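Student: Hi! Could you walk me through this structure? I'd like to start with the ligand and then look at a couple of side chains.

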Amino acid sequence: MKQIAIIGGGAAGMTCAVMLARKGIHVTILERGARLGRKLSATGNGQGNVTNLRMGAEHYYSDDLGKVARALGRFGSEDAVRFLESIGGIFLPDGRGRVYPAGRQASAVTDLLRGELKRLGAEVVFGAKVEKLTYDGRFTAEWEGGSLRADAAVLAAGGRAAPNFGTDGSAYALAEAFGHTVAPCSPRLVQLRCDPALVRGLKGIRADGGLALLRRGKEVFRGRGDVLFTESGISGDSVFRASFYAEKGDVAEIDLLPDVTEERLASALKESGAEGLLCIVNNGLARALSARAGGDREKLLRLLKRFPLTVRGTLGYEYAQVTRGGIPLSETDERLMSLKRRGLFFAGEILNTDGECGGYNLQWAFTSAYLAAEGAAE
Ligand SMILES: Cc1cc2nc3c(=O)[nH]c(=O)nc-3n(C[C@H](O)[C@H](O)[C@H](O)COP(=O)(O)OP(=O)(O)OC[C@H]3O[C@@H](n4cnc5c(N)ncnc54)[C@H](O)[C@@H]3O)c2cc1C
């Protein structure tokens, strides 16, 4: 009987294993940790934003967006929902197209996949951190204390982001051993670092603001949502979305009152002065803004509508949700099979494809798992 080894038991590895096992193929997941899907259980603030109905390659970064578009055409967000509901549960979109399990528990999605794998008789080896993958007519995956022979192998070992979930980028070496390259990596969907002097005293303040990202004066992102000031910069929903586009040297401009026009603000400040400011923004912000404006009302007005912070970088992989970079899609065929070694497939974040905040990265895990399963089954 054909044996397929899946290296990594995250969202992509588990999905690929279910799809292969449903075709009657014997699969073994080799997972370095003690549990499957630990990161999946933590997604969407524990609520599991599994996909987005506003789907398309324009929401992704990749070295081959054409291939991403074709992949999404073959297995898109509705296919992902259909697949998940075929195991159990109900998945519903919110007003922004973000799809969650109706019970809003990411761990329930992991449990669904785990349960299905068990029912299908898929094998799982825990504590198997694959350190060597070789080919001599069949694949051999080796880890401390064990090895497995397989007819095909799927590398679904994730990227570098959130290493506390077992993803430290060490698995790239398994592909490099077959001649693959690794596109330069960086953390994405992560806090932006800014000049600490400019955010000092603002830590903990949250605003439902507008956020624009400017590069040499040109707008590269505009969004609305939570902006949270931190010790070293800014965080929050719209900042995570902006970090998909951000580069060092960009200027993040925060509109602290996106629902109030400049005219209305100018007139309020004119009438009421410093006391009025306390009725417009919170205490800490009012103090910091007044200090920065130095009594200049025009400057204060500008700061309220366009509070500028130069982006100095991002926090590291420990704080990031996703990795930019990895195995180039250009080194795979349409089913994500390696162009260097027939029978070797890739799925998930290990590939050089990452999506915006909002369910796009789990969708990529499902889409790529589907393609790899279709290819490996052949
Ligand atoms: C806090 C957080 C919240 C997120 N929220 C969302 C969200 O709401 N929506 C969304 O779309 N995306 C979200 N993401 C991103 C999303 O979770 C990932 O992109 C997705 O899980 C990637 O799936 P994967 O299977 O490729 O990799 P992973 O889920 O990272 O799984 C890889 C697995 O491989 C194992 N492994 C690694 N190396 C080896 C090896 N050498 N041998 C054996 N096993 C190995 C790891 O232990 C791990 O279990 C979030 C990420 C984080 C960190």
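**Chatting through the model**

Tutor: Happy to! Let's begin with a histidine: leaving out residues up to four places away in sequence, His-180 touches Ala-175, Ile-327, Glu-331, Ser-338, Leu-339, Lys-340 and Phe-346. Keep in mind that this is a predicted model.

Student: Which side chain does the side chain of His-180 make a polar contact with?

Tutor: That would be the side chain of Ser-338, at 2.7 Å. Ser-338 is also one of the residues that His-180 touches.

Student: Nice. Let's switch to the ligand. How many residues surround the ligand?

Tutor: There are 32 of them, and the closest are Glu-31, Lys-39, Gly-44, Glu-349 and Leu-362.

Student: What kinds of residues are in that shell?

Tutor: The shell around the ligand has 14 nonpolar residues, 13 polar ones and five charged ones.

Student: Which helices and strands supply at least two residues of the shell?

Tutor: Helix H1 (11-22), strand S2 (26-31), helix H2 (38-42) and helix H12 (360-377) each do. H12 gives the most, with three residues.

Student: What about the backbone? Which residue has a backbone N or O atom 2.8 Å from an oxygen atom of the ligand?

Tutor: That's Gly-44. Asn-49 also has a backbone N or O atom by the ligand, 2.9 Å from a nitrogen atom of it. Then there's Val-130, with a polar backbone atom 3.0 Å from a ligand nitrogen.

Student: How much of the ligand does the protein bury?

Tutor: Taken alone, the ligand exposes 1000 Å², and the protein buries 94% of that.

Student: One more side chain, please! Where is the place of Arg-215?

Tutor: Arg-215 is in strand S14, which covers residues 206-215.

Student: Why does Arg-215 count as buried?

Tutor: Its relative accessibility is 18%, and the cut-off for buried is under 20%, so Arg-215 makes it.

Student: And what is Arg-215 in contact with?

Tutor: Setting aside neighbours within four places in sequence, Arg-215 is in contact with Val-220, Tyr-245, Ala-246, Glu-247 and Asp-250. With Asp-250 there is a polar contact between the two side chains, at 2.7 Å.

Student: Great, thanks for the tour!

Notes: Residues numbered from 1 in each chain as written. Predicted model: local features only at pLDDT ≥ 70, side-chain atom pairs only at ≥ 80, totals over all residues. Heavy atoms only, no water. Near = heavy atom within 4 Å. Polar contact = N/O pair within 3.5 Å; in protein donor to acceptor, adjacent residues only side chain to side chain. Areas by Shrake-Rupley, 256 points an atom, 1.4 Å probe, with all protein chains shown as cover. Helix = DSSP H or I, 4+ residues; strand = E, 2+ residues; numbered from the N terminus. Nonpolar A, V, L, I, M, F, W, Y, C, P; charged D, E, K, R; others polar. Buried < 20%, exposed > 50% of the residue type's maximum accessible area, 1.4 Å probe, protein only. Contact = heavy atoms within 4.5 Å.
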